[in-house]
Amino acid sequence: MAKASLYPSLSMRFMIGTNYNIKEPLVPFQEQFDTNLSKGLRLNLTIPIFSQFENFAKIKISKLNYNQSIAETQIEQNRLSKEILKAITDTKTAIKKKESATIAFEFSSKSYEADLLKFGLGKININELNVTKMNFNNAQAELITSKYELMYNYALIKFYLGENFSL
């Protein structure tokens, strides 16, 4: 079908007509009909000589556009796969980060409680207690951040899988 315009085409037309005039009553109908009857046969042959190059170009352009759309689809599929793999890797990293933040928080919590007792007994000064409290606050903030990062990454994976998610 796409190459049909490249080949010659032949069309045929048959015509029949009459100039019968009802206002001429003196001439009988049959005689007037036979006298004024016209017949014709028309053959039309179209050979695409100059437009053939244009048609070849249109076909080539259409094939190139089709191949380009296939390539663009593959590129987009690869990009999406890369994003999904990155989300999975980020989730694994967030799990490890949360585990280490939990351990660091527990350690800094115990350290702060111990330094609080030492400060109460006069073994350390206020500066050392403040450094321990700052480490405890930083560990607590890191734990909260890691929890939300993990929740976000889980939600992102569920989004890519098409599942319902909430934060």
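## Overall fold

Helices (H or I, at least four residues) and strands (E, at least two) are taken here as DSSP runs, numbered from the N terminus. By that count, the protein has three helices and two strands, and along the sequence they follow the pattern β-α-β-α-α.

A word on the source: this is a predicted model, in which local features need pLDDT of at least 70, side-chain atom pairs count only at pLDDT 80 or more, and totals for chains, interfaces and linings use all residues. Residues are numbered from 1 along each chain as its sequence is written, and side-chain values use heavy atoms, with hydrogens and water left out.

## Surface and contacts

The accessible surface comes to about 13800 Å² (Shrake-Rupley method with a 1.4 Å probe; for residues, only the protein chains shown count as cover). Carbon and sulfur atoms hold 61% of that surface. Of the 167 residues, 15% are buried, where buried means under 20% relative accessible area, exposed over 50%, and partly exposed in between (1.4 Å probe, protein chains only).

Contact means heavy atoms within 4.5 Å. Among contacts between residues at least 6 apart in sequence, 65% join residues at least 24 apart.

## A nonpolar patch

Which residues make the nonpolar surface patch of about 1100 Å²? They are Leu10, Met12, Phe14, Ile16, Leu41, Leu43, Leu45, Ile47 and Ile49. Patches are built from residues with over 30% relative accessible area and no salt bridge, joining like charges within 9 Å and nonpolar side chains (Val, Leu, Ile, Met, Phe, Trp, Tyr) within 5 Å.

Strands E1 (9-18) and E2 (37-46) each supply at least two residues of the patch, and E1 gives the most, with four. Leu41 sits in strand E2 and is exposed, at 56% relative accessible area.

## Salt bridges

The structure holds four salt bridges, each a side-chain nitrogen of Lys or Arg within 4 Å of a carboxyl oxygen of Asp or Glu. One of them pairs Arg79 with Glu76 (2.6 Å, N to O); both lie in helix H2, three residues apart, about one turn of the helix.

Another joins Glu149 and Lys97 at 3.2 Å, N to O. Glu149 lies in helix H3 (residues 126-161) and Lys97 in helix H2, so this pair ties together parts that are 52 residues apart in sequence. Glu149 is partly exposed at 26%, and Lys97 is partly exposed at 33%.

## Ser108

Ser108 belongs to helix H2 (residues 51-121) and is buried, with a relative accessible area of 7%. Leaving aside neighbours within four places in sequence, Ser108 is in contact with Asn135, Phe136 and Ala139.
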